[in-house]
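Q: Hi! I'm new to reading structures, could you walk me through this one?

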Amino acid sequence: MIQLQNGRPRDLAGRADRECRVYDCLDKLHIPYLHTDHPPAFTMEACHEIDAVLDVPICKNLFLCNRQKTDFYLLMMPGDKPFKTKELSAQIQSARLSFADAAYMEEFLDLKPGAVSVLGLMNDKGNRVRLLVDEDVRNKEWLGCHPCVNTSSLKLKTKDLFETFLPAVQHTPVMVRLLGTGGC
């Protein structure tokens with residue numbers, strides 16, 4: 001049974017270094033969070049049970065790039081909201097967007113497919129990735145995300161992410177408005 005616990009896991013043995021670095025970063029920034037461990041979650045459908053435990057839906061995070069593969073984006077959006085490339089491309093005035101190769105995701109964010117998370121921006125020392133956030137995500141009190149692995153999930157205050165974490169990792173979000181309904 002999946003259970004929610006306060007703060008970092010009691011035992012970090014066997015956990016990925018990228019996950020442990022997330023806990024270290026959040027603790028250093030004095031950002032409170034809740035965490036849960038669970039079977040690997042590779043799809044939004046697999047996140048529904050986790051959502052129930054967190055009492056907040058996990059955000060969909062998409063790693064995108066322009067056609068030339070020179071501009072990279074991390075899009076945070078509600079999991080049940082449809083994503084339309086043309087709609088987003090027009091808002092950020094970019095050439096047609098597509099999903100970026102996993103090699104870029106690992107190089108810039110130290111993330112693997114299925115574990116894409118806003119918390120991976122702590123690894124983007126060169127600021128190669130622009131954060132795009134749907135306004136529905138920003139307007140919620142809480143958000144759920146992975147700590148750079150898809151076998152754990154965190155619940156933290158949206159305010160802490162935007163006012164403490166993102167400035168600390170030197171990333172400024174660009175707010176976008178995607179059509180459709182959805183919560184996060």
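A: Happy to! One term to start with: contact means heavy atoms within 4.5 Å. Another: helices (H or I, at least four residues) and strands (E, at least two) are DSSP runs, numbered from the N terminus. This is a predicted model, where local features need pLDDT of at least 70 and side-chain atom pairs count only at pLDDT 80 or more, while totals for chains, interfaces and linings use all residues. Residues are numbered from 1 along each chain as its sequence is written, and side-chain values use heavy atoms, with hydrogens and water left out.

Q: How far does α1 reach?
A: With 12 residues, α1 spans 16 Å from its first C-alpha to its last, close to the expected 16 Å at 1.5 Å a residue. The expected span is 1.5 Å times one less than the number of residues.

Q: New topic: how many salt bridges does a search of the whole structure find?
A: It finds 13 salt bridges. A salt bridge here is a side-chain nitrogen of Lys or Arg within 4 Å of a carboxyl oxygen of Asp or Glu.

Q: Which residue does Arg 8 form a salt bridge with?
A: Its partner is Asp 27, and their closest N and O atoms are 2.8 Å apart. This pair links distant parts of the chain, 19 residues apart: Arg 8 sits in the loop between β1 (5-6) and α1 (17-28), and Asp 27 in helix α1. Arg 8 is partly exposed at 26% relative accessibility, and Asp 27 is partly exposed at 33%.

Q: Let's switch to sheets. What is the strand order in the open sheet?
A: The five strands run β5-β3-β4-β6-β9, with mixed pairing. At the edges are β5 (97-99) and β9 (174-176), each pairing on one side only. Two strands pair if DSSP finds at least two bridges between them.

Q: In what sense do β3 and β5 pair?
A: Strand β3 (residues 60-66) pairs with β5 in the antiparallel sense, over three bridges. Cys 65 has Ser 98 in β5 as its bridge partner.

Q: Which strands does helix α4 lie across?
A: Helix α4 (residues 102-109) lies across β3, β4 (72-77) and β6 (129-134), at about 105 degrees to β3. Axes are lines fitted to C-alpha atoms, for helices over the stretch in contact, and angles run from 0 to 180 degrees between N-to-C directions.

Q: Last one: what is the phi of Asp 55?
A: Asp 55 has a positive phi of about 60 degrees, although it is not a glycine. Most residues other than glycine have a negative phi. Asp 55 is in the loop between α2 (48-54) and β3, and it is exposed, with a relative accessible area of 64%.

Conventions:
Buried < 20%, exposed > 50% of the residue type's maximum accessible area, 1.4 Å probe, protein only.
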